[in-house]
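Please keep the sequence and the model in view while reading.

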Amino acid sequence: MLTPTEHQIRERLARVEEYSGVRLLFAAEAGSRAWGFASPDSDFDVRFVFARSPERYLSVRALDEQIGPIMEGDLDLAGWDLRKALRLLAKSNGPLLEWLGSPIRYAGDDRLVENWRALAAEVLCPRRLAAHYAGMANGAWQRCAEQGAAASAKRLLYAARALLAARWVATRAAIPPVRFADLVAGQAGELPPGIPAALDQLAAAKRELAESDPAPPCAELRDFLRSETMAIAATVEALEPRAPDLDRVDAFFRESLGIGG
């Protein structure tokens, strides 16, 4: 398998269930394909959450909490056990929240995914999630600054996406959309003139370029990323921390296993 079709991805996920003796609760595309700016040579990053039988969670024996990564050509599969995923959800884990919000889903019905999303919003700690994205934005921007004109469209978009996600969480106390176009459109009125169009153009260029190709020059966008990455750190620092309702997460864990309250 080199470039997989959706049918092949679903078949591979079914084999993961069979060989590992688990049940996939949901599986979705992550990374640039979910964000909407995949390059022609981008991998398929498929992420999932799986569950075992209730009896396995009542054993004193340790459980493997992760499957993968499994690499096959352009396909990268990896997943977390239900208990690990819910612990991370209680910590407002950014990658997991993006899996839940991915517009490309390979397994999991709408009701199940909506229940997970509702719990994520219920226990959300905006400060923790905003800090996650602000840290990503800073790291990505620093690498762009070091590379100068040679910085790739991929690297600039990673910095921009993380920055816009941090701004979204900090100003709305809500989980940001996964699609980059939605992040830009939802904040277009809050950004300096010209920046939304520059971001859209950069994403369009990335979809045509290889992963390592340099980004088209845009001094205005680079100035924006430089100044706003510094500003968002102070904004996030001022947010109040919030402890998650672990009793609610425990109850959801039991509900997911079908063992009641």
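The protein chain contains 12 helices and 5 strands, as seen in a predicted model. Along the principal axes, its C-alpha trace spans about 60 × 45 × 30 Å. The radius of gyration is 19 Å, which agrees with the value near 18 Å that a compact globule of 261 residues would have.

Helix H5, residues 94–101, and helix H7, residues 126–147, have axes that come within 10 Å and cross at roughly 95 degrees. Angles of 65 to 115 degrees count as roughly perpendicular, and H5 and H7 are therefore roughly perpendicular to each other. On the H5 side the contact is made by Gly 94, Pro 95, Leu 97 and Glu 98, and on the H7 side by Leu 129, His 132 and Tyr 133. By class, the residues of this contact between H5 and H7 comprise 4 nonpolar, 2 polar and 1 charged.

The largest pocket has a volume of about 250 Å³. Its lining consists of 17 residues, of which Ala 30, Gly 31, Ser 32, Trp 35 and Asp 45 are the closest to the centre. Two or more lining residues come from each of helix H2 (32–35), strand S2 (44–51), H5, H7 and helix H8 (153–172). The lining of the largest pocket is made up of 7 nonpolar, 4 polar and 6 charged residues.

The second largest pocket holds about 190 Å³ of space. Its lining is formed by Arg 83, Leu 86, Arg 87, Ala 90, Lys 91, Pro 244, Leu 246, Val 249, Asp 250 and Phe 253. Helix H4 (82–90) and helix H12 (246–257) are the elements that give two or more residues to this lining. In the second largest pocket the lining has 6 nonpolar and 4 charged residues, with no polar ones.

How values were computed. Residues numbered from 1 in each chain as written. Predicted model: local features only at pLDDT ≥ 70, side-chain atom pairs only at ≥ 80, totals over all residues. Heavy atoms only, no water. Axes fitted to C-alpha atoms, helices over the stretch in contact; angles between N-to-C directions. Helix = DSSP H or I, 4+ residues; strand = E, 2+ residues; numbered from the N terminus. Parallel < 35°, antiparallel > 145°, perpendicular 65-115°, else oblique. Contact = heavy atoms within 4.5 Å. Nonpolar A, V, L, I, M, F, W, Y, C, P; charged D, E, K, R; others polar. 1 Å grid on protein atoms, 1.4 Å probe; cavity = no way out; pocket = protein on both sides within 12 Å on 5 of 7 lines; lining within 4 Å. Points joined across faces, edges and corners; volume = space filled by probe spheres on them. Rg over C-alpha atoms; globule rule 2.2 N^0.38 Å.
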